[in-house]
Amino acid sequence: MRIDILTLFPELFPGPLGESIIGRAVKKGMITVNAVDVRKFATDARGTVDEKPYGGGPGMLMVPDVLVRAIESVKDAGSTVILTSPRGEVMNQQLALELAKEEHIILVAGHYEGVDQRVIDLAVDREISIGDFVLSSGNIAAMAIADAVIRLLPGVLGDGESAVEESHSMGLLEYPQYTRPPVFRGEKVPDCLLSGDHGKVAEFRKREAERVTRERRPDLWEKYLISELNSKEVKK
C-alpha cells in the first residue's frame, strides 16, 4: 500500500508514523508513507493557498485550484482520495478494515475553515471524521486514519491474531487483561486466567468484553445485540 498525505505542514510527518509498529513496517517496505506539501502547488510568489469564503463568514477556505493540482500530482486510476472533515463519516474499525484493502490512499489534511466544495465534488471520494469534535487542522486526523489502516495490513503486527481480539474488532470493547505478578497491592489476577483451562479463559474474556461494552458504550452494545440476533436468525 501507498499513502500520500497532502498537508500544509509536511514537517509534521512522518511523526508517530515513523515510530514503533508503523515505523518498522515503513522501514521494511511494507507500506510507503509520503507527505506532499500542498503549498508547492500555489502559482503566485506568496504561495497563496487560502481565500475568504464567498458570502462572508469567519475564517478562510483552501482554494480549489491549488488543492486539486496537489491531489492530481499523486492520483492514479487506483487511488482513493479521503478528506479529513468533521462532517465526514465517523472512522471506526470496520472502515479501517475496508480501507486496508486499498492499494493507494490519498489523505487530504484539511485546514482553516475547510476547503472549497468544488474540491470535494471533483476530486474527493469520501470524507472521514475521527470523532464529533473539531481539530485545528486535519493532520492529526490523517495520522490517526493512516495508523488504524496500516496496522491491519498483513504482517504489520507480526501476530495475525493481534488485530482480531482488539476493541471494536468483534463489535465489543476489549476485555480486561493481566500479566505478572499474580498479586499486586492486594489485587489478584482472576483465578480462571491462571487455571490453564482455555475454555474458561475464553468464557471469561467474552463475558468481560460484553460487560465492559454494556457499561461504557451502550450504543455499541445495542449494535452488538442486533448483530448477534441476526446471526442466530441466519443460522436457523
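Eight helices and nine strands make up the secondary structure of this chain. Keep in mind as you look around that this is a predicted model. The chain has 236 residues, and 40% of them count as buried. Let's start with the whole chain and then visit some individual residues.

**The chain as a whole**

- Along the principal axes, the C-alpha atoms fill a box of roughly 70 × 40 × 40 Å.
- Take the contacts in the chain with a separation of 6 or more: 76% of them are between residues 24 or more positions apart.
- The accessible surface comes to about 14,400 Å², and carbon and sulfur atoms account for 52% of that surface.

**The nonpolar cores**

- The largest nonpolar core holds 26 residues. Those that touch the most other members are Ile 3, Met 91, Leu 99, Leu 107 and Ile 150.
- Which elements give two or more residues to this core? They are strand E1, helix H1 (20-27), helix H3 (93-99), strand E6 (104-108) and helix H5 (139-150).
- Helix H5 gives the most to this core, with seven residues.
- Another core, of 23 residues, lies apart from the largest one, and its members include Val 36, Ala 42, Ile 71 and Val 115.
- To explore the surroundings of Ile 3, leave aside its neighbours within four places in sequence: Ile 3 is then in contact with Ile 31, Thr 32, Val 33, Asn 34, Ile 105, Leu 107, Ala 146 and Ile 150.

**Asp 4, a charged residue in strand E1**

- Find Asp 4 in strand E1, which covers residues 2-7.
- Is Asp 4 buried or exposed? Its relative accessibility is 2%, so Asp 4 counts as buried, the cut-off being under 20%.
- The side chain of Asp 4 has a polar contact of 3.0 Å with the side chain of Arg 2, and a polar contact with the side chain of Asn 34, also at 3.0 Å.
- Not counting residues up to four places away in sequence, Asp 4 touches Asn 34, Val 36, Val 74, His 104, Ile 105, Ile 106 and Leu 107.

**Asp 191, in helix H6**

- Another aspartate to find is Asp 191, in helix H6 (residues 191-194).
- Asp 191 has a relative accessible area of 56%, which means that this residue is exposed, since the cut-off is over 50%.
- Asp 191 and Val 201 are ten residues apart along the chain, and their C-alpha atoms are separated by 9.6 Å.

**Backbone features to look for**

- Here is a handy rule: most peptide bonds are trans, and most residues other than glycine have a negative phi.
- Phe 13 and Pro 14 are joined by a cis peptide bond, with omega about 5 degrees. Pro 14 sits in the loop between E1 and H1.
- A cis peptide bond also links Arg 180 and Pro 181, with omega about 0 degrees. You can find Pro 181 in the loop between H5 and strand E8 (183-184).
- Ser 20 is not a glycine, yet its phi is positive, at about 55 degrees. This serine is part of helix H1.
- Arg 185 also has a positive phi, near 50 degrees, and lies in the loop between E8 and strand E9 (187-188).
- With 78% relative accessibility, Arg 185 counts as exposed.

Key. Residues are numbered from 1 along each chain as its sequence is written. This is a predicted model: local features need pLDDT of at least 70, side-chain atom pairs count only at pLDDT 80 or more; totals for chains, interfaces and linings use all residues. Side-chain values use heavy atoms; hydrogens and water are left out. Helices (H or I, at least four residues) and strands (E, at least two) are DSSP runs, numbered from the N terminus. Buried means under 20% relative accessible area, exposed over 50%, partly exposed in between (1.4 Å probe, protein chains only). A polar contact is a pair of N or O atoms within 3.5 Å; within protein, one must be able to donate a hydrogen and the other to accept it, and residues adjacent in sequence count only if both atoms are side-chain atoms. Contact means heavy atoms within 4.5 Å. Accessible areas come from the Shrake-Rupley method with a 1.4 Å probe; for residues, only the protein chains shown count as cover. A nonpolar core is a set of buried Ala, Val, Leu, Ile, Met, Phe, Trp, Tyr and Cys residues joined through side-chain atoms within 4.5 Å.
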